[in-house]
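Trainee: I have a model open and would like to learn how to read it. Could you take me through it feature by feature?

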Amino acid sequence: MPKGIFNVPTAQNEPIYSYAPGSPERASLQQQLDAYLSTTLDIPMVIGGEEVRTDHTISIHPPHNIQHTLGHYHQGDETDIYRAIDAAQGAHQKWADLAWEHRASIFLKAADLIAGPYRDKINAATMLGQSKNAFQAEIDAACELVDFLRFNVNYMTQIYADQPASSPGVWNRVEYRPLEGFVFALTPFNFTSIAGNLPSAPAMMGNVVIWKPSKTAVYSAHIIMEVFREAGVPDGVINLVFASGPVAARVIFDHPDFAGIHFTGSTAVFQDIWKTIGNNILKYKTYPRIVGETGGKDFVIAHKSCDARAVATALTRGAFEYQGQKCSAASRAYLPASKWSEIKEHFLGQLKDLTMGDPCDFSHFVNAVIDEASFDKLAGEIKAAQAAPEAEILFGGRCDKTVGYFIEPTVILTTDPLYRTMQEELFGPVLTIYIYDDQKLDETLDLLDKTSIYALTGAVFAQDRYVIEKITRRLANAAGNFYINDKPTGAVVGQQPFGGARGSGTNDKAGSYLNMLRWVSPAPSKKTSTHPTIINIPL
Ligand SMILES: NC(=O)c1ccc[n+]([C@@H]2O[C@H](COP(=O)([O-])OP(=O)(O)OC[C@H]3O[C@@H](n4cnc5c(N)ncnc54)[C@H](O)[C@@H]3O)[C@@H](O)[C@H]2O)c1
Ligand SMILES: N[C@@H](CCC=O)C(=O)O
């Protein structure tokens, strides 16, 4: 048992490499990309520390080069999910009993591995498997995942240190037990860091986890799992399974020891999961924790006092970085008529310089969207807008899936503020703009607030302080994360805890102590030194 009250290293955000031409980091990453492109990986599930291979293999192709095969993974079925639950249950007691500083050490080591020897691997896997350019991979797969791991260690100790007051003769203590049962981490395709955070955050708090990544992010999930294992996460604590979502869900949500879900993904899937859990509530030993960060229809609203160039930059970066496949991506904009021509000039000027292609050519800002289903959906929306009398394609609109799933950054201008692409999350490089009459700011704010079911991120552009105050107050419930005179994307762990409300999730703020609190079951105990023997209290 430890003989000391230990402090953990104070977390600092991982510095972001630039990958500028001629830089050593660029040469090193290029080498790793070449290495991955000249091999095919065989990717097993990892259950109870064992690599599990099946007869059912699925090949993996870069979204930007669908003829190329990166490798294949072994798809599991219900049997593998049961096996993963057994492995997790088997590991539960020993892991829960392990002193917290060992858990901290393991995940700090994982962070150091990603920041160091695994940096190129995790970035290259994300670039090839999810079609991110080097910068987008770096801020996500390397830096944000490192930040999640290091900051979460700080939050864990912050939680453990939160102890109650004690009156004379009494010592009150709170133990933050892990949940009784196992946690299911169900992760999306678009952020490698989120895929790593969802299983590791509950595991850090002493829980055991079944982790099912998105089928379009298995390549980078494999690297994350390698890191966890090398860092010393014991067998059975995090079990990586590849199965269809509904198959995994059927087994897991039916199990009496299901204790919580850590989900990030689309709103519809989360709502379905919540309903299933509700219907099964009598089956569980404990009320499951339900944590889900979901979709967005994130807005930019500019006032006539805005800086037009700053608005244009926020639209370009906010809407089109990583092909708009960020839950935070700017996908609807409300711009004042008096500033529109100036904003438009800067915006179209920026867009015409963006190039699109394979992320292995580091100069491309835009790469491919994730898969054919996403491509077809986006191409359909663009086609519909081309035909709609209330919409016009102001920029882009070309879609081509001969080499990879390429959709040009596309800007729709609409005269109908309720046009479907103002309301629905498309999750791709499509931005819809509505121009409002400067005199109708109040009506426009009402409209913005009521147009969509989501409330994830929003950006306000104005230089008039009274207006900034007014807009942010009026839209207080329209976003979980607000940006003033900046794009609505790019939250940094430890700086802007991230999450939305309304249809965008439970707002448990990934990368904060609030999220870590969801993975413990606090148990206060009271010890007395006086051993009370009096029954009647004298009045
Ligand atoms: N709010 C946030 O922090 C945040 C962050 C990233 C992504 N997202 C959202 O995620 C979505 C994009 O990611 P995605 O396409 O991977 O999401 P998705 O909902 O399609 O998939 C998420 C996970 O759920 C699984 N899944 C899908 N259908 C399922 C079902 N019926 N039952 C059980 N599991 C199922 C998938 O296999 C995947 O592992 C967008 O809506 C985006 O806004 C939100
Ligand atoms: N945290 C990221 C978004 C994650 C969702 O896809 C951002 O703030 O841009």
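This is a predicted model: local features need pLDDT of at least 70, side-chain atom pairs count only at pLDDT 80 or more; totals for chains, interfaces and linings use all residues.

Trainee: Let's begin with the domains. Into which domains is the chain divided?

Mentor: There are two entries to note: domain 1 (24-294 + 505-521) and domain 2 (298-484). Their centres, taken over C-alpha atoms, are 31 Å apart.

Trainee: How many residues of each domain are in contact with the other?

Mentor: Domain 1 puts in 18 residues, and these are in contact with 19 residues of domain 2. On the side of domain 1 that touches domain 2, the elements giving two or more residues are α1 (24-37), α4 (119-130) and α5.

Trainee: Now the interior. What should I expect there?

Mentor: The general idea is that in soluble globular proteins, nonpolar side chains tend to be buried together. In this model the largest nonpolar core has 157 residues, and Val209 and Val300 have the most contacts inside it. Helix α5 (residues 134-161) gives the most to this core, namely 14 residues.

Trainee: Why does this core lie between domain 1 and domain 2?

Mentor: Because domain 1 (24-294 + 505-521) and domain 2 (298-484) both give residues to it.

Trainee: Which residues does Val209 touch?

Mentor: Leaving out residues up to four places away in sequence, Val209 touches Ala88, Phe182, Val183, Ala185, Pro199, Pro202, Ala203, Val237, Ile238 and Asn239.

Trainee: And helix packing? How do I put that into words?

Mentor: Two packed helices are described by the angle between their axes and the distance between the axes. Take helix α2 (residues 78-97) and helix α8 (residues 245-252): their axes come within 9 Å and cross at roughly 45°. α2 and α8 are therefore oblique to each other, and α2 passes α8 in a right-handed crossing. From α2, the contact uses Glu78, Ile81 and Tyr82, and from α8 it uses Val247, Ala248, Val251 and Ile252.

Trainee: Let me try another pair. At what angle do α6 and α7 pack?

Mentor: Helix α6 (residues 192-204) and helix α7 (residues 218-231) pack at about 45°, with 10 Å between their axes. That angle makes α6 oblique to α7. The crossing of α6 past α7 is right-handed. Thr192, Ala195 and Gly196 are the α6 residues here, and they meet Ser220, Ala221 and Ile224 in α7.

Trainee: Let's stay with Ile224. Is Ile224 buried or exposed?

Mentor: Count the neighbours: a residue is buried if 20 or more other C-beta atoms lie within 10 Å of its own. Ile224 has 29 C-beta neighbours inside 10 Å, so Ile224 counts as buried. Ile224 lies in helix α7 and touches Ala195 and Gly196, not counting residues up to four places away in sequence. The C-alpha atoms of Ile224 and Ile114 are separated by 8.6 Å, although the two residues are 110 residues apart along the chain.

Trainee: One more residue, then. Where is the place of Asp371?

Mentor: Look in the loop between α11 (337-351) and α12 (372-387). With 17 C-beta neighbours inside 10 Å, Asp371 counts as partly exposed.

Trainee: Which residues does Asp371 touch?

Mentor: Pro63, Thr216 and Tyr405, again not counting residues up to four places away in sequence. Asp371 and Gln130 are 9.1 Å apart in space, C-alpha to C-alpha, and 241 residues apart in sequence.

Definitions and conventions
Residues are numbered from 1 along each chain as its sequence is written. Chains are lettered from A and ligands numbered from 1 in the order in which they are written. A nonpolar core is a set of buried Ala, Val, Leu, Ile, Met, Phe, Trp, Tyr and Cys residues joined through C-beta atoms within 7 Å. A residue is buried if 20 or more other C-beta atoms lie within 10 Å of its own, exposed if 12 or fewer, and partly exposed in between; C-beta atoms are placed from the backbone. Helices (H or I, at least four residues) and strands (E, at least two) are DSSP runs, numbered from the N terminus. Domain bounds come from an automatic or database domain assignment. Two residues are in contact if their C-beta atoms, placed from the backbone, lie within 7 Å. Axes are lines fitted to C-alpha atoms, for helices over the stretch in contact, and angles run from 0 to 180 degrees between N-to-C directions. Angles under 35 degrees count as roughly parallel, over 145 as roughly antiparallel, 65 to 115 as roughly perpendicular and the rest as oblique. A crossing is left-handed if the near helix is turned anticlockwise from the far one by less than a right angle, and right-handed if clockwise.
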